[in-house]
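Please inspect the sequence and the structure before reading the solutions.

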Amino acid sequence: MADSKYNNKKTIVDGIKFDSEMESHYYIYLKKLKEEGIVLDFELQPKYILQEGFVKDGKKIQAITYKADFKVMYANGLEEVIDVKGKLTEAFKIKRKMLLYKYRDIDFKCLQEKGRKPNKYWVQIL
């Protein structure tokens with residue numbers, strides 16, 4: 001089923017529902033890297049608070065959060081936060097800036113899948 005807003009096709013791999021085929025492909029790629037010992041582990045959908053919630057005039061204002069696609073822990077000690085995107089929305093660009101401002105030590109990458117089988121590869125787009 002395609003997401004009408006971004007034309008993404010929801011995909012299920014290993015019983016996990018991904019928002020897009022591209023995201024599921026990166027999951028499969030990470031599993032391969034883990035089998036090879038390059039990746040120690042990875043987390044799906046890590047959540048970051050960009051702005052705390054608060055109360056104004058008696059009304060609760062929800063926190064602004066950002067949910068990345070993956071947090072990857074490599075065997076060499078490096079950690080990366082990865083988002084896989086087909087399209088960069090304005091909302092994503094703003095949240096990315098907020099994330100980088102609040103979590104300055106984070107190594108954040110926005111990736112996109114390029115090429116055709118069997119020569120697909122990942123490129124950093126932001």
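Both Lys109 and Glu80 are buried, where buried means under 20% relative accessible area, exposed over 50%, and partly exposed in between (1.4 Å probe, protein chains only). The structure is a predicted model, in which local features need pLDDT of at least 70, side-chain atom pairs count only at pLDDT 80 or more, and totals for chains, interfaces and linings use all residues. Residues are numbered from 1 along each chain as its sequence is written, and side-chain values use heavy atoms, with hydrogens and water left out.

**Exercise 1.** Determine which parts of the chain the pair Lys109 and Glu80 ties together.

Solution. Lys109 forms a salt bridge with Glu80 (a side-chain nitrogen of Lys or Arg within 4 Å of a carboxyl oxygen of Asp or Glu), and the closest N and O atoms are 2.7 Å apart. Step two: locate the partners. Lys109 belongs to strand E10 (residues 108-114) and Glu80 to strand E9 (residues 79-84), so the pair ties together parts that are 29 residues apart in sequence. Strands (E, at least two residues) and helices (H or I, at least four) are DSSP runs, numbered from the N terminus. Glu80, Lys109 and Asp107 are linked in a network of salt bridges.

**Exercise 2.** Classify the partners of the salt bridges Lys10 with Asp19 and Lys120 with Glu113 as buried, partly exposed or exposed.

Solution. Step one: consider Lys10 and Asp19, whose closest N and O atoms are 3.1 Å apart. Lys10 is partly exposed because its relative accessibility is 32%; Asp19, at 39%, is also partly exposed. Step two: turn to Lys120 and Glu113, which meet at 3.8 Å, N to O. Lys120 has a relative accessible area of 35% and is therefore partly exposed, whereas Glu113, at 17%, counts as buried. The whole structure holds 12 salt bridges.

**Exercise 3.** Describe the surroundings of Lys31 and Phe54.

Solution. Step one: Lys31 lies in helix H1 (residues 21-35) and is partly exposed, at 29% relative accessibility. Not counting residues up to four places away in sequence, Lys31 touches Asp14 and Phe42, contact being heavy atoms within 4.5 Å. The C-alpha atoms of Lys31 and Asp41 are separated by 8.8 Å, and these residues are 10 apart along the chain. Step two: Phe54 lies in strand E5 (residues 54-56) and counts as partly exposed at 37% relative accessibility. Leaving aside neighbours within four places in sequence, Phe54 is in contact with Lys59, Lys60 and Ile61.
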